[in-house]
Amino acid sequence: MIDKTKDQLAAIQGKTYDIGLLGDWQGRRYVNELAAYSLKTVLERMGYSVLVIDGQEEPELLNPFCGTFMVNSSQPWEYEAAKAFGKRFYLDFAEDAKKKIAYGVSFGKDKSSVPIGEIAGTTKLIHRFSSISAREEDAVEILKNEFGVEGPQVLDSVLLLERADYEKLAEKSRRKEKGYVLADLEKITPETEELFDAVAKKKGQKLVKITEERELTAADWVALVMDASCVITDSCQGAELALLFEKPVICLADKEQGRKELPSLADLFALNHRLFGKPARAAAKAELLEKMDVSRIRKVLEMERARSEKWLREALKAPGAELKNITCVTKKECCGCGACYNSCPVGAITMEYDDEGFLYPVIDDEKCIRCGKCVKACPSLHAKRDHFKVPDMYAAYGDNQVRSVSSSGGIFSLAAEYVLKNGGAVCGAAFDENHKLSHVVIYDEKDMGPLRASKYLQSNTVKTYQEIKKVLDQGKPALYSGCPCQIAGLRSYLGKDYDNLYTLDVLCHGGPSPVWFQKYLKEVHGGKKISYIGFRDKDYYGWSTEMTVKYENGDVYRKVRSEDLHYRSFLPCLSVRPHCQVCLYSAIPRQGDFTLGDFWGVQKYDPKLTDGYGTSILSVNSEKGRKLLDAIREKLVLLEPIDLQYILTHGQPFARPFKNNAMRYRFVRMIRDCSYARTIECCAANFFEYALYGMNGDSYGDILNYYALYKIMSRMNYSVLMVRRVKEDQKKITPLEHRLTAFANRYYPKVSAVDRIGKMDTLKGTCRGLLAGPNQVWDERRGPLFGFAEKEQKKVFFEKEIGNPLSPLFLLGQKEYDELVKYADISLPENYTAVYLEKGSARAAEILARAGKNTVVLDDDMMVENWIAAIKYAGCVVTDRADAAAMAALYQVPLKVYRPEAALEGCLKRLGITGAVIDSEEGLADGKAFASWEAARGEIKGYREQTAERLKRKLKYHRRPKDIARGVKRRTVGFAKNHLPDSAKQVIKRMLGRG
């Protein structure tokens, strides 16, 4: 490998390379050499020229010589390890026009550890990549949840080469010794020394420690593993080489460090029994180094290698990332401000609610002219931070008249009155007649009422940025009030500062979903016409944060925040927008000329600053803010300077967002189907009503069977914990296991970590009942299924008590599966035949092609949503698999079933579609297909209704006294926390012995 960029430049003058492969950073040199060697070899065999680049030098100088830049799995995107190199391993040096690919990247742990202040910049760089894949399952989740990128799990590049490739490389080593125990550990401790002694004594062989090898090369390392009798390692690549050479291996993974490479590898190859957190436990299992069952390892390696190489080929052929419109901004970055929507000159952008109920820009590609104005207007890309770094801080309020119609000190009202009296316009959030919240622009003081008071929802700014711009361009003053992100959006949209614009941002706890709020209104206040919604009604609760809803018939709903469902989801940040967890605008300098918020705790700071009716924190952040303060100063009853440091350290979101709630992921998926009350209850108690056991990836049908059961149970208002079938009962080795993981993470609130028989008893304390899904057979030698369960846990067996000959896939209809098809990402030709056969798909496609038919061949490495879409839109489906036949029946697609097995033939008879069966190759292309679905429709409808009713009866349970007591306790504790004074809390703690 070439060490210096300048040497590289001298060596490559006059040459160009297809791919620049970034390699070599901190760590053991031979590990990185082997990672680069393996991927370089694979790429060259695919026909690409490759330049290996030293990441420690100046790779930006190599832009003219490389068409594509790539990083691979030896360069983890782990912040602490790589921060010394800046953003080099995110290819920040690569020009925009260059294609960027990340193969099998790793974050090392189950979180990225990127600081909040670095997330925006890192996210932008990640989104410059045209293709990204991850080495560990945890990295797949990090990419999706933290950076908004979908990327599959692939093999480490070391495993892409065959054993013979490494045997050839080993020939370059001068090491000739054979038959020893290899200790491939980064660090030797007294505990590992004891393990070495135990193994060496048992094996009667010499011990070779890699840590003592000072001048080790990649060839030497490979030779050491190849000629060892067994391997003890804490290295992911060391374990991979051991697997390639089929050497018995013991892996040591320090769980306290939270490293994920070895656990992920062990999980993939079912080697968890060879993975140990402590050397002493490994010593007790030294017999594992005598032999190793390699049959499964060979199967998994063959399948994963083919899948990973397929991804790499497609990534290299894919176009580069497009940065010319707002799609380059991730969901985590997007605050929903609407600046892009307001800026589009051709109306190519609409703001639409996603499945969590938040507004995001959607691009009409046919209208988009790639002008880049939406990108220029986006505050996440171009936020202005030009206000005071040390703002002027005050405690302030107006007179009682203005405070009586305000949530706090009435400062917004006073500022708005000043602007309106000077012929200007004011913009703020107001409810419409359907109780939906949008920003509106007013020009008269009599219209101010709806804009006053706090509203704990994210509002839609609609086209108010455009309207305010018109006012400003006319030379009139304007005041725009909103969350910091909305002010940032306005300023970025305008592109320049206006002397006649005043902005006011609020101290924001986060923006709850408007769609979920409508669900709350329907479930909690359903059937009653609402005349008023007050989040901060001073008439009854005083200066506080409680819920008041008034109905047209005169009734009033009042709940303290610990009892109201909206507050119980909002205050813990369960229902807020993803961006709110990393808010770019809860920072100093603030976005508005003014920042306003409630001065909670003012009594402790200085009792003289409150009369109990509302005191505001007023932050003056700019010269215009000072001018506005001077204009309203004489109307302020209180205006006293306060300490900025006190505000920063006493719970206010002034310079940081509120912390993400770990239960949010569960909440947003549960609330799609369960009631608001049930969702809150289960998230608050970290509890599920049922564990649905047996989820597996043997087929698309198995994946969708469990999805159908989950949806049906959720609609019955049960919270459901999905549990995989244990590893010991895994039947098939297919890429669908990865597809199941991705599918489950998209749609289920939580998937249990239970994956072994020995862990099953952990389900005791997590759920009230247990349901064994279809096709679950338990080896009687292990004891009965759910034998671990407590007596009071309800146990239901789908196959025995509910199931019948048809598949649970039929429990859902076209409408439900269409919800999945919305997320499909597949290009399909017109009038095609979908071919999905256990064996012979290529042969069938060839026969159909000769007959002039377009074909789409389905395989077991498709997104589940793509598989459904390929069947739904087909002109005909040719299959011998039950799941494809069932999906075709649901969508009433013309069907040919080629030489079905007995079980499938029985199902076809039950559905009355035996005419779909063909027994010869001639029948594949004869133009005849079964398309008479009347009998099947009736049978499916009857099955759906009967099975759902049986399931409903079996799942029903009665609430036990201790469940009721738990609920009472939770509500009592919540009330005490929120409403008792601190002195009373201390008395109670002393009484309980906790003081």
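At what angle do helix H31 (residues 814–821) and helix H33 (residues 864–872) pack, and how far apart are their axes? The structure is a predicted model, in which local features need pLDDT of at least 70 and side-chain atom pairs count only at pLDDT 80 or more, while totals for chains, interfaces and linings use all residues. Residues are numbered from 1 along each chain as its sequence is written, and side-chain values use heavy atoms, with hydrogens and water left out.

H31 and H33 pack at about 120°, with 8 Å between their axes; axes are lines fitted to C-alpha atoms, for helices over the stretch in contact, and angles run from 0 to 180 degrees between N-to-C directions. Helices (H or I, at least four residues) and strands (E, at least two) are DSSP runs, numbered from the N terminus. The contact (heavy atoms within 4.5 Å) involves Tyr 817, Asp 818, Leu 820 and Val 821 of H31, together with Glu 865, Ile 868, Ala 869 and Lys 872 of H33.

Turning to the sheet, five strands form an open arrangement in the order S29-S28-S30-S31-S32, with parallel pairing; two strands pair if DSSP finds at least two bridges between them. Strands S29 (854–857) and S32 (917–918) lie at the edges with a single partner strand each, so one side of each has no neighbour in the sheet. Helix H34 (residues 882–891) packs on the sheet, where it touches S28, S30 and strand S31 (895–898). Four bridges link S28 (residues 832–836) with S30 (residues 876–879), and Thr 833 stands opposite Cys 876 in S30.
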